[in-house]
Amino acid sequence: MYTEAFGRASYLVSRARGRRSSVTRALFIPLSVLDMEVEHLNKRDLHRIKEARSCFPQNAACADPVKNVIALFLSEVLFRVIKDTEPDPRLFDFLHESIRMLEVVDGGIANFHIVFLLALPRYLGIFPNTDGYTPGCYFDMLNGVFTDRPPLHRHYLSPEESVFFARLLRIRFDNMGLYAFSRQERVRLIERLLEYYRLHLPDFPEIRSLAVLRSLFD
């Protein structure tokens, strides 16, 4: 789990015994947001949850198949990219607000994970330098900059893709409903975004739930 007080931490959840248990498995859905009382000892790898409750209802994230798969996909991405055991208030606030938005938003939900993947690098220290864009340039994914010549490696966007990428950087949760993508464009975009993550984060693996996400939009 990613916590406000301790950063990334692992918790042992005792098997619920009886209806009066305050920690039930139903609380731990992908991207659940919990208020917890924990026993946290610095020399332990596994800590114990004493009490847990939902911070806000997440009925849509459970009942809506699109939101459910998006939550599954993003929770796997976060599991792979967030390794730090030190707390980061900015990252925590971003995650909390994004998950709350996933619950309440209706329009443009098919673009939610795109907005999230574009915004998350700001909090991981790998956001690209977008100041140097000019028409006809290339985006160097390895160095995170726009350049007027194709790089000497294969990890770059063509001028046509770079135009698209420069415009895409303006997408936000509050305007994502204005962006329309074909299935092929959405698949290609997600693949390129994950390629960028893979180039800048050590040991970033293939995301298994990506196949489920693709099938959702077929």
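User: Which residues line the second largest cavity?

Analyst: Pro-30, Leu-31, Gln-58, Ala-61, Ala-71, Ile-99, Leu-102 and Glu-103 line the second largest cavity, where a cavity is a set of points, on a 1 Å grid over the protein atoms alone, at which a 1.4 Å probe fits but cannot get out, and a lining residue has an atom within 4 Å of a point. This is a predicted model, in which local features need pLDDT of at least 70 and side-chain atom pairs count only at pLDDT 80 or more, while totals for chains, interfaces and linings use all residues. Residues are numbered from 1 along each chain as its sequence is written, and side-chain values use heavy atoms, with hydrogens and water left out.

User: What is the volume of the second largest cavity, and how many cavities are there of 30 Å³ or more?

Analyst: The volume of the second largest cavity is about 40 Å³, a volume being the space filled by probe spheres set on the points, which are joined across faces, edges and corners. There are two cavities of 30 Å³ or more.

User: Which helix gives the largest share of that lining?

Analyst: Helix α3 (residues 89–104) does, with three residues; helices here are DSSP runs of H or I with at least four residues, strands are runs of E with at least two, and both are numbered from the N terminus. By class, the lining of the second largest cavity has six nonpolar residues, one polar and one charged, where Ala, Val, Leu, Ile, Met, Phe, Trp, Tyr, Cys and Pro count as nonpolar, Asp, Glu, Lys and Arg as charged, and the others, Gly among them, as polar.

User: OK, on to pockets. What is the volume of the largest pocket?

Analyst: The largest pocket has a volume of about 960 Å³, and a pocket differs from a cavity in being an open set, with protein on both sides within 12 Å along at least five of seven lines. It is lined by 31 residues, of which Met-1, Tyr-2, Thr-3, Leu-31 and Ser-32 are the closest to its centre.

User: Which element gives the most to the lining of the largest pocket?

Analyst: That is α2, with five residues. Taken by class, the lining of the largest pocket holds 22 nonpolar, five polar and four charged residues.

User: And what about the second largest pocket, which residues are closest to its centre?

Analyst: The second largest pocket, with a volume of about 320 Å³, has 20 lining residues, and the closest to its centre are Leu-157, Phe-164, Phe-165, Leu-189 and Arg-192. Helix α7 gives the most to this lining, with eight residues.

User: Switching to strands: what is the order in the sheet with mixed pairing?

Analyst: That open sheet of three strands has the order β3-β5-β4, and two strands count as paired if DSSP finds at least two bridges between them. Its edge strands, each pairing on one side only, are β3 (10–12) and β4 (34–39). Strands β4 and β5 (residues 46–54) run antiparallel and are joined by six bridges, and Leu-34 has Ser-54 in β5 as its bridge partner.

User: Last topic, how many disulfides does the structure hold?

Analyst: It holds zero disulfides, a disulfide being a pair of cysteine sulfur atoms within 2.5 Å.

User: Is Cys-137 buried or exposed?

Analyst: Cys-137 is buried because its relative accessibility is 2%, and buried means under 20% relative accessible area, exposed over 50% and partly exposed in between, using a 1.4 Å probe and protein chains only. Cys-55, at 40% relative accessible area, is partly exposed.
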